[in-house]
Amino acid sequence: MTKLLRLIGVFLLLASAGYARQSTSFTVEGVVLDDNQKTTLPGVSILVKGTTKGVVTEEDGSFSFELDEGIYTLVFSYIGYTSKEVELEVPLEQALQVFL
């Protein structure tokens, strides 16, 4: 009987440890605009600095992806424009507006 209780205890301990390591992802979304004309920019490359995670803006300049809670630097690149780095803390309170 005590072996069974120990086995159950170990199982519960391992299950709770695995649950504690799970992180919650948050949606990071926004739009990229031309700084002079204030028009949206499709095809802008957005990379999370120090990772291989990234996305490209849609036709309307919008983007969306998932990140865990934390502080990140996003690098925005577009042909003919100067790249821009934006630091942010996830979760965000509102959508991003980035001007290149």
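Mentor: Let's start with the ground rules and then go from the overall fold to the side chains.

Mentor: This is a predicted model, where local features need pLDDT of at least 70 and side-chain atom pairs count only at pLDDT 80 or more, while totals for chains, interfaces and linings use all residues. Residues are numbered from 1 along each chain as its sequence is written, and side-chain values use heavy atoms, with hydrogens and water left out.

Trainee: How many of the residues count as buried?
Mentor: 26% of the 100 residues in the protein. Buried means under 20% relative accessible area, exposed means over 50%, and partly exposed is in between (1.4 Å probe, protein chains only).

Trainee: Switching topic: how many salt bridges does the structure hold?
Mentor: Two. The term stands for a side-chain nitrogen of Lys or Arg within 4 Å of a carboxyl oxygen of Asp or Glu. In one of them, Lys-38 meets Asp-35, at 3.6 Å from N to O. Lys-49 also forms a salt bridge, with Glu-85, and there the closest N and O atoms are 3.1 Å apart.

Trainee: Where do Lys-49 and Glu-85 lie?
Mentor: Lys-49 is in the loop between strand S2 (45–48) and strand S3 (54–56), and Glu-85 is in strand S6 (residues 84–90), so the pair ties together parts that are 36 residues apart in sequence. Lys-49 is partly exposed, at 47% relative accessible area, and Glu-85 is partly exposed too, at 48%.

Trainee: What about rings, how many aromatic pairs are there?
Mentor: Three in the whole structure. Rings of Phe, Tyr and Trp (its six-membered ring) pair if their centres lie within 6.5 Å; planes under 30 degrees apart are stacked, over 60 edge-to-face, and the rest tilted.

Trainee: Why is the pair of Phe-63 and Phe-76 edge-to-face?
Mentor: Because the planes of the rings are at 65°, with the centres 5.9 Å apart. Phe-63 lies in strand S4 (residues 62–68) and Phe-76 in strand S5 (residues 70–77), so this pair ties together parts that are 13 residues apart in sequence.

Trainee: Are Phe-63 and Phe-76 buried or exposed?
Mentor: Both are buried. Together with Phe-65, Phe-63 and Phe-76 form one aromatic cluster.

Key: Helix = DSSP H or I, 4+ residues; strand = E, 2+ residues; numbered from the N terminus.
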